[in-house]
There are 2 protein chains.
Amino acid sequence: MPEREIDTSGPGAPVETVGNHELIGSDRVEGTSVYGTDGAKIGHVHNLMVNKRTGQVAHVIVSDGGLFGLGGSRYMRVSWGDLTYEPDLGGYVAGITKDMMDERGRISAEDAEMQIW
Amino acid sequence: MPEREIDTSGPGAPVETVGNHELIGSDRVEGTSVYGTDGAKIGHVHNLMVNKRTGQVAHVIVSDGGLFGLGGSRYMRVSWGDLTYEPDLGGYVAGITKDMMDERGRISAEDAEMQIW
């Protein structure tokens, strides 16, 4: 792609001033805000779950950060391809809603990572 | 693979007691020690560089942590497949050496991430 084109496909803040548009550091994805399709903030990226053998990101764990940061966080898996970086929001938009997080989110990151639901 | 088999292929601490052997969280890989083929400690995993579109880990950035933690860290790229988890060391073994890091490592993480050498 052209050097200055902004690539908003998949996760990753567009970075116009550096040479590599195609890659993003895991530490930059972690902590980035996640918004639902309705524009409401859901939470942030907790981590990326990576296939040990292939290095393919299987999914991302999104956390709602708990109630007023007082704990009780809920976690959900979101496919990498379901995250789209939205420059205006400064975060990702995902095909989930706050209600889905409340109803189906796991109460521990470990549960979410282990795909036990 | 059988539930209790230890999988040491690719990065990832073997976890015998949980249900999912195949995936590892990016936050668990980050910070894990990296050793050279000669057994000497090289540094630790700084982050994972992920293809924004496909979610494939292109490579891992290894940092030597600087001299006595006083800054001046050097960074190198290592292929995901070149990292093998070694339970006895509690870290990854990679096909690089301390000398390679000293001679070819970049002085900033950004340079290493951008693949400019």
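Colleague: How are residues numbered, chains lettered and pLDDT limits set here?

Modeller: Residues count from 1 along each chain as its sequence is written, while chains are lettered from A and ligands numbered from 1 in the order in which they are written. In this predicted model, local features need pLDDT of at least 70, side-chain atom pairs count only at pLDDT 80 or more, and totals for chains, interfaces and linings use all residues, with side-chain values taken on heavy atoms and hydrogens and water left out.

Colleague: What percentage of the residues in chain A is buried?

Modeller: Buried means under 20% relative accessible area, exposed over 50%, and partly exposed in between, using a 1.4 Å probe and protein chains only. Chain A exposes about 5,600 Å², of which carbon and sulfur atoms supply 47% (Shrake-Rupley method, 1.4 Å probe). Of the 117 residues in chain A, the buried share is 46%.

Colleague: Which residue of E4(A) stands opposite A:Leu48?

Modeller: Two strands pair if DSSP finds at least two bridges between them. E3(A) and E4(A) (residues 57-63) run antiparallel and are joined by six bridges. Their hairpin has five residues between the strands, and A:Gly55 there takes a positive phi near 80°. Opposite A:Leu48 stands A:Val60.

Colleague: In the hairpin of E2(A) and E3(A), which residue takes a positive phi?

Modeller: Strand E2 (residues 33-35) of chain A runs antiparallel to E3(A), with three bridges between them. One of the bridge partners is A:His44, which lies in E3(A) and faces A:Ser33. Five residues separate the strands in the hairpin, and the one with a positive phi near 90° is A:Gly39.

Colleague: Which residue of chain B is the bridge partner of A:Val50?

Modeller: E3(A) also pairs across to the other chain: three bridges join it to strand E1 (residues 23-25) of chain B, in the antiparallel sense. Strand E1 of chain A in turn pairs with E3(B) over three bridges, where A:Ile24 has B:Val50 as its partner. For A:Val50, the partner in E1(B) is B:Ile24.

Colleague: Which backbone nitrogen does the side chain of A:Asn51 reach?

Modeller: A:Asn51 is in strand E3 (residues 41-51) of chain A, and it counts as buried because its relative accessibility is 16%. Contact means heavy atoms within 4.5 Å; leaving aside neighbours within four places in sequence, A:Asn51 is in contact with A:Gln56, B:Glu22, B:Leu23 and B:Trp80. At 2.9 Å, its side chain reaches the backbone nitrogen of A:Arg53.

Colleague: Is A:Lys98 buried, partly exposed or exposed?

Modeller: A:Lys98 lies in helix H2 (residues 98-104) of chain A. Not counting residues up to four places away in sequence, it touches A:Lys41 and A:Ile42. Its relative accessible area is 34%, so A:Lys98 is partly exposed.

Colleague: What angle lies between the ring planes of B:Tyr85 and B:Tyr92?

Modeller: Rings of Phe, Tyr and Trp (its six-membered ring) pair if their centres lie within 6.5 Å; planes under 30 degrees apart count as stacked, over 60 as edge-to-face and the rest as tilted. Two aromatic pairs are counted over all chains; one is A:Tyr85 with A:Tyr92, edge-to-face at 5.6 Å centre to centre and 80° between the planes. B:Tyr85 and B:Tyr92 are both buried. Their ring centres are 5.6 Å apart, and the pair is edge-to-face because the planes lie at 75°.

How values were computed: Helices (H or I, at least four residues) and strands (E, at least two) are DSSP runs, numbered from the N terminus. A polar contact is a pair of N or O atoms within 3.5 Å; within protein, one must be able to donate a hydrogen and the other to accept it, and residues adjacent in sequence count only if both atoms are side-chain atoms.
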